[in-house]
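Try each task yourself before you read the solution below it.

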Amino acid sequence: MSSAQEVFADWTSGTEVISYQACPVCKSAWYFRRRFCPSCGASDPATKQASGRGVVYAETLVHRAPVAEAREHVPYKIVLVDIDEGLRVMAHGEADLEIGDRVSAAFKPFLGGIVPFFAKSS
Amino acid sequence: MSFITGAGLTSFGKHEGRSTLDLMSMAAESALADAGLARRDIDGILCGYSTVQPHIMLATVFAEHFGIQPQYAHAVQVGGGTGMAMAMLAHILVTTGVAKNILVVAGENRLTGQTRDAAVQSLAQVGHPVFEVPLGPTIPAYYGLVASRYMHEHGVTEEDLAVLAVLMREHALMHPGAQFHDPITVAEVMASKPIATPLKLLDCCPVSDGGAAFIVSRDDTSKHGVKVIGTGQAHTHQYVTTAPALSDLGAAPALARASEERGIAIRDVRYAAIYDSFTITLAMLLEDLGLAKRGEAAARARNGDFGIMGALPLNTHGGLLSYGHCGVGGAMAHLVETHLQMTGRAGQRQVKDASLALLHGDGGVLSSHVSMFLEQVR
């Protein structure tokens with residue numbers, strides 16, 4: 001296990017959190033975990049917890065599942081959400097979400113793990 | 001300088017009992033015959049990949065099977081952009097003297113060599129294994145996301161996209177090798193079953209068996225070579241989650257690099273061969289490349305501009321949407337058809353003027369782009 005993976009747990013390992021990484025040198029932020037900053041190459045990026053609030057950037061309602069185990073869930077909504085920390089995440093969401101909706105994240109079980117699930121913020 | 005001296009294409013659809021190597025061999029044999037070359041004339045081989053028959057050395061496996069001992073050979077992997085990337089590389093290798101005649105070949109029994117579920121599942125793996133694939137996306141879902149945003153920003157409708165599916169089907173009806181032979185209407189596209197909104201079944205290319213090949217040569221060995229006069233690539237991201245803004249995707253920079261050497265203007269293009277994995281892919285690429293104004297690809301199609309008798313004939317074999325999509329060979333069919341058109345051998349599909357063609361392929365989720373210009377030899 002890399003140190004980056006040890007220091008935080010998030011939805012990809014079953015903890016109800018969306019996390020991201022940030023560069024202490026150039027201040028850029030990104031979602032997909034790695035051991036360096038993809039913008040400036042600096043090592044030891046910081047791991048941060050996202051607020052889980054954002055705006056829907058794109059949406060699709062999936063009717064044809066990629067694997068047999070997902071079939072019982074169709075149709076399910078997949079969204080790209082621009083979260084307030086300045087990065088984009090892929091997640092599930094309420095079926096009627098539209099582009100531009102203000103949303104916040106909860107978590108739901110899916111295919112043996114959990115996934116972020118966005119609903120309209122009240 | 002390089003020429004495409006020969007091209008070969010199998011029919012797409014079901015080829016029961018044919019393996020990846022069988023389909024590659026069928027296409028390679030007909031490309032060789034078209035170029036008037038024998039196996040011993042081929043000193044380079046580039047091939048794509050096969051999801052049904054993954055191998056760490058597919059080019060060598062094929063060379064041995066087909067009976068060639070090339071001095072240069074390897075496989076290339078750029079997803080749907082592989083065919084055009086191989087054409088570009090072959091052009092560079094021939095131009096720089098590494099080889100004289102390069103056989104570019106791909107084929108796959110993607111339809112009958114595996115279950116449909118296996119095909120859908122293996123393709124979905126282009127997503128991020130940790131942050132995307134666990135959400136259960138499919139390739140249509142990745143493109144459905146892109147489509148939702150593009151339609152939102154540019155006022156494109158589902159009917160607009162359907163028009164492009166109908167156009168590709170009209171063209172396929174005139175090609176005996178196409179997978180589909182029944183005409184479709186906009187209403188039928190709209191009524192086809194939802195796959196990943198806004199994309200419906202008839203917005204999506206099928207899974208096919210098939211093979212395609214072409215020969216890229218230093219000399220115009222055949223009487224029907226066409227000249228490669230510009231190539232360019234751009235790679236902006238791999239995953240849809242990390243894609244840049246729609247206005248910063250790779251089609252335009254790839255095109256600019258391909259245009260550079262000869263200063264080619266887009267208005268001079270007479271024939272277009274554009275990647276069309278989904279109707280949204282085709283609409284976006286046509287507009288990103290400047291072949292239609294923003295949001296107006298469907299309007300040009302409705303006007304007949306992209307038809308065989310139109311001002312800018314497009315994918316006259318039916319494209320991935322209706323000729324079919326067998327993986328790497330799918331987009332190579334666009335190049336084979338372009339070659340036929342530019343050499344006046346497209347039969348009932350022959351366009352009036354294909355003197356300058358633009359070809360464009362993309363891989364991933366609009367991640368990797370390859371543009372190429374071909375010019376008729378006078």
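Predicted model: local features only at pLDDT ≥ 70, side-chain atom pairs only at ≥ 80, totals over all residues.

**Exercise 1. An overview of chain A**

Work out which helices and strands chain A has and in what order they come.

*Solution.* 
- Step 1: Start by counting: chain A has one helix and eight strands.
- Step 2: Now follow the sequence, which gives the pattern α-β-β-β-β-β-β-β-β.
- Step 3: For the dimensions, the C-alpha trace of chain A spans about 45 × 30 × 20 Å along its principal axes.
- Step 4: Turn to burial: of the 122 residues in chain A, 34% are buried.
- Step 5: Finally, take the contacts in chain A between residues at least 6 apart in sequence; 48% of these join residues at least 24 apart.

**Exercise 2. Strand β10 of chain B and its partners**

Find which strands pair with β10(B) and in which sense, parallel or antiparallel.

*Solution.* 
- Step 1: Locate strand β10 of chain B at residues 356-363.
- Step 2: Look to strand β9 (residues 271-274) of chain B, which runs parallel to β10(B) and is joined to it by four bridges. In this pairing, B:Ala273 is opposite B:Leu359 of β10(B).
- Step 3: Look next to strand β11 (residues 368-376) of chain B, which pairs with β10(B) in the antiparallel sense over eight bridges. Here B:Asp362 is opposite B:His369 of β11(B).
- Step 4: Check the surroundings. Seven of the eight residues of β10(B) are buried, so the strand is largely enclosed by the rest of the structure.

**Exercise 3. Two packed helices in chain B**

Decide how α1(B) and α2(B) are oriented to each other, and list the residues that make the contact.

*Solution.* 
- Step 1: Read the geometry: helix α1 (residues 20-35) and helix α2 (residues 58-66) of chain B pack at an angle of about 65°, with their axes 11 Å apart.
- Step 2: Angles of 65 to 115 degrees count as roughly perpendicular, and α1(B) and α2(B) are therefore roughly perpendicular to each other.
- Step 3: Name the residues. From α1(B) come B:Leu21, B:Met24, B:Ser25 and B:Ala28, and from α2(B) come B:Phe62, B:His65 and B:Phe66.
- Step 4: Sort them by class: this contact has five nonpolar residues, two polar residues and no charged residues.

How values were computed:
Residues numbered from 1 in each chain as written. Chains lettered and ligands numbered in written order. Buried ≥ 20, exposed ≤ 12 C-beta atoms within 10 Å, placed from the backbone. Pairing = 2+ DSSP bridges. Contact = placed C-beta atoms within 7 Å. Axes fitted to C-alpha atoms, helices over the stretch in contact; angles between N-to-C directions. Parallel < 35°, antiparallel > 145°, perpendicular 65-115°, else oblique. Nonpolar A, V, L, I, M, F, W, Y, C, P; charged D, E, K, R; others polar.
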